[in-house]
Amino acid sequence: KVKTNKFADLTWNGATSTNVDVFRSGTLVITTPNDGAFTDKPPKTVSSATYKVCEAGSSTCSNEVTVFW
């Protein structure tokens, strides 16, 4: 958290697809290149979120992790 702006720096490895899907609390946030990193900026009203990263369009996913601000 910087000032009042929240963010979550996500990193991953092991995905073999060209792109990955990033989910926040069960909702697709973005499909992004599989470069191993993404920074999410959730709404200010959110006090926690659960993230997972999946190979794009598949059910091959990371473990979930919960972030609290």
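Biologist: Which residue of β3 is the bridge partner of Phe23?

Modeller: In this predicted model, Phe23 has Leu28 in β3 as its bridge partner.

Biologist: What makes β2 and β3 a pair of strands?

Modeller: Two strands pair if there are at least two bridges between them, and strand β2, residues 19–24, is joined to β3 over six bridges in the antiparallel sense, so the pair meets that requirement.

Biologist: Where do these strands stand in the sheet, and why is one side of β3 left without a neighbour?

Modeller: The open sheet has four strands in the order β3-β2-β5-β6, with antiparallel pairing. Because β3 (27–33) and β6 (65–68) stand at the edges and have a single partner strand each, one side of each is left without a neighbour in the sheet. Neighbouring strands of this sheet are turned by 25° against each other on average, direction ignored.

Biologist: What makes up the largest nonpolar core?

Modeller: That core consists of nine residues, Ala8, Leu10, Trp12, Val20, Val22, Phe38, Ala49, Tyr51 and Val53, and because membership requires a buried residue, each has under 20% relative accessible area. At least two residues come from each of β1 (8–11), β2 and β5 (48–55), with β5 giving the largest share, three residues.

Technical notes: Residues numbered from 1 in each chain as written. Predicted model: local features only at pLDDT ≥ 70, side-chain atom pairs only at ≥ 80, totals over all residues. Heavy atoms only, no water. Axes fitted to C-alpha atoms, helices over the stretch in contact; angles between N-to-C directions. Core = buried A, V, L, I, M, F, W, Y, C linked by side-chain atoms within 4.5 Å. Buried < 20%, exposed > 50% of the residue type's maximum accessible area, 1.4 Å probe, protein only.
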